[in-house]
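Q: I am new to reading protein structures. Could you walk me through one, feature by feature?

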Amino acid sequence: MANVTQQPQSGSVIAGQTVVLSTAASADRAISYLWTFAGSPLADGPSGNGSNISGATTPTLTLTNAQLNDSGRYACTISTACGATLTNDAALTVCEAAAPVLSLQPFSQSVCPAGSTTFSVDATGSGPTGLRFQWQFSDIAAQPPEWFDLFDGGIYSQSGDILAVIADTYLPTTSFFPPDGTTYPVSGDLLRLRCVVSSDCGSTASNAVVFTILDPSDPSCGGLACDPDVNQDGNSDQGDIDYLINVVAGGENTTNIDPDFNRDGNVDQGDVDALINVVAGGACP
């Protein structure tokens, strides 16, 4: 029997390219070769998939104008008068493109302390195993970003506190939730996020986006749309009213606040009246 000295190698190509698979063997008598695809013998000529085969009975098989349906396992049966030896399988992947193409990019999201949100991508590409998705994160402070795979479950601080819960990190759409269905324990930019989309012929990373948790005082979360603490002493009281009266009258504005508190385009008694109303518990103008 023949001794295989070179095994055919797996690989991937783009549709329309040429594939060359080679083997080699030694024996003390005449050797014959027959290449197979998925266990069926090949013959020179059109493959039936749009490609063309040559060298089906030689040590080197050539497949020109490879097509998607040519993807699969190839092997060579090497025979002598004393028997046959089968090479290892070589897996061929034929793809439409070298890497997936992103047709939908994620965008940055901001949520209130008790809110949930999703990030999504979409892509086109092909290969026998289809497209694979993996969401990744990077610390906000990392420059340049350092990317790590995300897994379903909790996202933790360095001290071990759970900051958020994430699901579907291997799908086109991933979701964030506050821990235990309550509220996020922090506010501000939590992390950078991206998705890597892979096929048998390459991978493509999405744009990097930011997941932000808003402060409870943010107007979109029901907080005040104005800050009555105009003198910035930590309290909203008569001192703020007196401060604004002084600024409206032309006095020094040490905190650099906008004296147009009611946002009507004028700095006048109306701003003082609006501040008096807010300090007393009324709505922001």
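A: Start with touching: contact means heavy atoms within 4.5 Å. By that rule Ala-98 touches Ile-14, Cys-201 and Gly-202, not counting residues up to four places away in sequence. This is a predicted model, in which local features need pLDDT of at least 70 and side-chain atom pairs count only at pLDDT 80 or more, while totals for chains, interfaces and linings use all residues. Residues are numbered from 1 along each chain as its sequence is written, and side-chain values use heavy atoms, with hydrogens and water left out.

Q: Where does Ala-98 lie?
A: Helices (H or I, at least four residues) and strands (E, at least two) are DSSP runs, numbered from the N terminus. Ala-98 lies in the loop between strand 12 (90-95) and strand 13 (101-104). The C-alpha atoms of Ala-98 and Leu-150 are separated by 25 Å, and these residues are 52 residues apart along the chain.

Q: How is Ala-98 classed by accessibility?
A: Buried means under 20% relative accessible area, exposed over 50%, and partly exposed in between (1.4 Å probe, protein chains only). Ala-98 has 47% relative accessibility, so it counts as partly exposed.

Q: Which residues of helix 2 are buried?
A: An α-helix has 3.6 residues a turn, so residues three or four places apart point the same way. In helix 2 (residues 269-279), the buried ones are Asp-271, Val-272, Ala-274, Leu-275 and Val-278. Down the helix axis they fall within an arc of 160 degrees, so they line one face of helix 2. The arc is that of the directions from the helix axis to the C-beta atoms. Helix 1 (238-248) is among what covers these residues.

Q: What happens just after helix 2?
A: There Gly-281 takes a positive phi of about 110 degrees.

Q: How many bridges join strand 15 to strand 21?
A: Two strands pair if DSSP finds at least two bridges between them. Here four bridges join strand 15 to strand 21 (residues 173-177), and the two run antiparallel. Thr-117 has Phe-176 as its bridge partner in strand 21.

Q: Which residues touch the most other members of the largest nonpolar core?
A: In soluble globular proteins, nonpolar side chains tend to be buried together. A nonpolar core is a set of buried Ala, Val, Leu, Ile, Met, Phe, Trp, Tyr and Cys residues joined through side-chain atoms within 4.5 Å. The largest one has 22 residues, and Phe-176, Leu-193 and Phe-211 touch the most other members. Strand 22 (188-199) is one of the strands that each supply at least two residues of this core. Strand 22 gives the most, with five residues. Apart from this core lies another, of 20 residues, including Ala-56 and Tyr-74.

Q: How many salt bridges does the structure hold?
A: Side chains of opposite charge can pair when their charged atoms come close. A salt bridge is a side-chain nitrogen of Lys or Arg within 4 Å of a carboxyl oxygen of Asp or Glu. The structure holds one. Asp-28 forms a salt bridge with Arg-29, with the closest N and O atoms 3.0 Å apart. Asp-28 is exposed, at 67% relative accessible area, and Arg-29 is partly exposed, at 41%.
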